[in-house]
Structure formats: C-alpha cells, structure tokens
Amino acid sequence: MLELRPNCECCDRDLPPESREAMICTFECTFCTDCVGNVLGGRCPNCGGEFVQRPVRPAALLAQYPASTKRVLKAEGCAPVRAA
C-alpha cells in the first residue's frame, strides 16, 4: 500500500492525500509537479527513475488506511537540472 507522503521532498510543499499535484517514483519518493517539471527534469534525484502522478486514495478508505504523516525533505535541497 502506498504511504501517501505528506510533502514534496524538494520544496516541502504540502501534498495532502487528495492532491493531484503529487508525483511519485517507483520507490515512492514524492515531489510536487512544479519541482518535477521545473527543477528535476522529470527524473527522481534519489534513484533516477521516472515519475507518475500519485493515485488518490478514496476518502472513505483514508480512515482505515491513513496517509503517512512523516515528512521527508532532502537535506541538501534539490539542485536545478543542468543542460547537457
């Protein structure tokens, strides 16, 4: 089951469980669409994987299967993607 992490690892923007702005990689690294598109160039800085939109868990199931409250933030920040 997905953790549904509560924030962008790059800018710390809140990404609640119902957010359509949350993007995840195969390891559930979580970033907002702005950082994925404008800073990371569509690649996860942790694993190099691609991003997909995080699915929204139905509200009726959040009580039984709550989203994570543990915030993850890259201590070194996110470096802008450099042109090759």
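This is a predicted model: local features need pLDDT of at least 70, side-chain atom pairs count only at pLDDT 80 or more; totals for chains, interfaces and linings use all residues.
Let's start with the strands. There are three of them, making an open, antiparallel sheet in the order E2-E1-E3. Strands E2 (30-32) and E3 (52-53) sit at the edges, each pairing on one side only.

Strand E1 covers residues 22-24 and is joined to E3 by two bridges, with the two strands running antiparallel. If you want a spot to look at, take Ile-24, whose bridge partner in E3 is Val-52.

Ser-19 belongs to the segment before E1. Its relative accessibility is 11%, so Ser-19 counts as buried, the cut-off being under 20%.

What does the side chain of Ser-19 reach? It goes to the backbone nitrogen of Glu-21, at 3.0 Å. Setting aside neighbours within four places in sequence, Ser-19 also has contacts with Arg-54 and Val-56.

## Salt bridges

The model has six salt bridges. One of them pairs Asp-12 with Arg-71, at 3.1 Å from N to O. Asp-12 comes from the segment before E1 and Arg-71 from the segment after H2, so this pair ties together parts that are 59 residues apart in sequence. As for cover, Asp-12 is partly exposed at 30% relative accessible area, and Arg-71 is partly exposed too, at 39%.

Another salt bridge links Asp-34 and Arg-13, with the closest N and O atoms 3.4 Å apart. Here Asp-34 lies in helix H1 (residues 33-38) while Arg-13 is in the segment before E1, so the pair ties together parts 21 residues apart in sequence. Asp-34 is partly exposed, with 44% relative accessibility, and Arg-13 is likewise partly exposed, with 31%.

Salt bridges with shared partners connect Glu-3, Arg-5 and Glu-9 into one network. Within that group, Glu-9 and Arg-5 form a salt bridge whose closest N and O atoms are 3.4 Å apart. Are these two residues buried or exposed? Both Glu-9 and Arg-5 are buried.

## A nonpolar patch on the surface

Which residues form the nonpolar patch on the surface? They are Met-1, Leu-61 and Tyr-65, and together they have about 320 Å² of accessible area. Leu-61 is part of helix H2 (residues 59-62). At 37% relative accessibility, Leu-61 counts as partly exposed.

Key:
Residues are numbered from 1 along each chain as its sequence is written. Side-chain values use heavy atoms; hydrogens and water are left out. Two strands pair if DSSP finds at least two bridges between them. Helices (H or I, at least four residues) and strands (E, at least two) are DSSP runs, numbered from the N terminus. Buried means under 20% relative accessible area, exposed over 50%, partly exposed in between (1.4 Å probe, protein chains only). A polar contact is a pair of N or O atoms within 3.5 Å; within protein, one must be able to donate a hydrogen and the other to accept it, and residues adjacent in sequence count only if both atoms are side-chain atoms. Contact means heavy atoms within 4.5 Å. Patches are made of residues with over 30% relative accessible area and no salt bridge: like charges are joined within 9 Å, nonpolar side chains (Val, Leu, Ile, Met, Phe, Trp, Tyr) within 5 Å. Accessible areas come from the Shrake-Rupley method with a 1.4 Å probe; for residues, only the protein chains shown count as cover. A salt bridge is a side-chain nitrogen of Lys or Arg within 4 Å of a carboxyl oxygen of Asp or Glu.
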